[in-house]
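Here's a quick walk through the model on screen.

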Amino acid sequence: MPRFRLLWLLPLFLLPACSDQGGGEAAIPYIPHPILVVCEGNFGSNNASLTVLDTALTNDTTYLDVFRRVNGRRLGDLAHALCIVDSTGYIAVTHSHRVEIVDAYSFASKGYLSITSPRGFAQSGGFLYITSYDDSALVVIRLADRTVVSEIPLTHKPDAVVIAENKAFVTSAPNLGDSVISQVDLGTYATDTIVVGRNPVAAAIGAGGKVYVACSGVGSSDGYIAVIDASTGVVVGRIGQFTSIRPVKVAVQDSLLACITSSNGGIGIYSVNTSSRLATVSGNFNGLRFIGGELYTLDASDYLSGGILRRYRSDYTLFKEYPAGAVPSDLAVAP
């Protein structure tokens, strides 16, 4: 039985947003297309944070701990994922059991959704789909009024969710040994499972209705990227199998696929057409995304102190790096 959930609307605090760069604290300028980075922080420390990157203006810098500076309160405990819809950002703060809602340009709070252990997001057709780990459910939010319209039960603890062909594909939370993802018809909410590799923890959508699922496996050589035809729900290929990878995050742009090849590991770049590995990027990565032909990566460093946001050119040479909050985990650019 779905549990009733409330949307709490919080007052907005009119405090200036400031930078941790250089010798002083300066207000954040208006940024035409800010890149928002959510940082997990340290488990149980209530120090999750929001880092904002400005690449459009001449200062080309990051601003740290923006949510707290703008709103006068901390973001919460373990910010795991981010989704931006139009000018609004949704942040899954897993151990605070809420989805924080922020303006993607002013970074002011627009309230929050009370969701049990939210992990991942996808948006389609006026609805936001949120995975709830503890409830083993896919929560459906109507964006027009931000109310819960359904909670779809799943057979596993979910993590990420992506949408293709009017279906949601929901991965399994890491380290539980599952070998299935859920396929949810968004018209009827009917669910089915697709058998893939062990520990299918992340997914991305590519061209032609393909779903790329990062299966981290349980051994040193049984991880790979499963390729699913979204229209049929059939596994049609595998990338990186038998190459000693244990992928934990994946991103796709055009004919390129990038994945973090192990927990706290480096990044492998693959061709989705030939499945061949094109390049390797070294680091202790916790997140990645293609933006405008460039690869943006999140290096968690020692997983205790501040992380690093790295920006790579299209040939995967390092262009620039920026400081970020502790344990950066996900990023997205505002439209």
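## Around R98

Leaving aside residues up to four places away in sequence, R98 touches R73, I91, A92, V93, Y112, L113, I115 and P118. Keep in mind that this is a predicted model.

Where does R98 sit? You'll find R98 in strand β7, which covers residues 98-103. Take P118 from that contact list: R98 and P118 are 20 residues apart in sequence, yet their C-alpha atoms are 6.8 Å apart in space.

## The whole protein

Zooming out, the secondary structure comes to 29 strands and 1 helix. How does the overall size fit a compact globule? For 335 residues, a globule of that kind would have a radius of gyration near 20 Å, and the protein has 19 Å, so the two agree.

Here are some overall values for the protein.

| Property | Value |
|---|---|
| C-alpha span along the principal axes | about 55 × 50 × 35 Å |
| Residues that count as buried | 56% of 335 residues |

What about contacts along the chain? Take those between residues at least 6 apart in sequence: 45% of them join residues at least 24 apart.

Last, the charges. The protein carries 28 negative side chains and 24 positive ones. How far apart are the centres of the two sets? Those centres lie 2 Å apart.

Terms used:
Residues numbered from 1 in each chain as written. Predicted model: local features only at pLDDT ≥ 70, side-chain atom pairs only at ≥ 80, totals over all residues. Heavy atoms only, no water. Helix = DSSP H or I, 4+ residues; strand = E, 2+ residues; numbered from the N terminus. Rg over C-alpha atoms; globule rule 2.2 N^0.38 Å. Buried < 20%, exposed > 50% of the residue type's maximum accessible area, 1.4 Å probe, protein only. Contact = heavy atoms within 4.5 Å. Lys, Arg positive; Asp, Glu negative; His and termini not counted. Charge placed at Lys NZ, Arg CZ, Asp CG, Glu CD.
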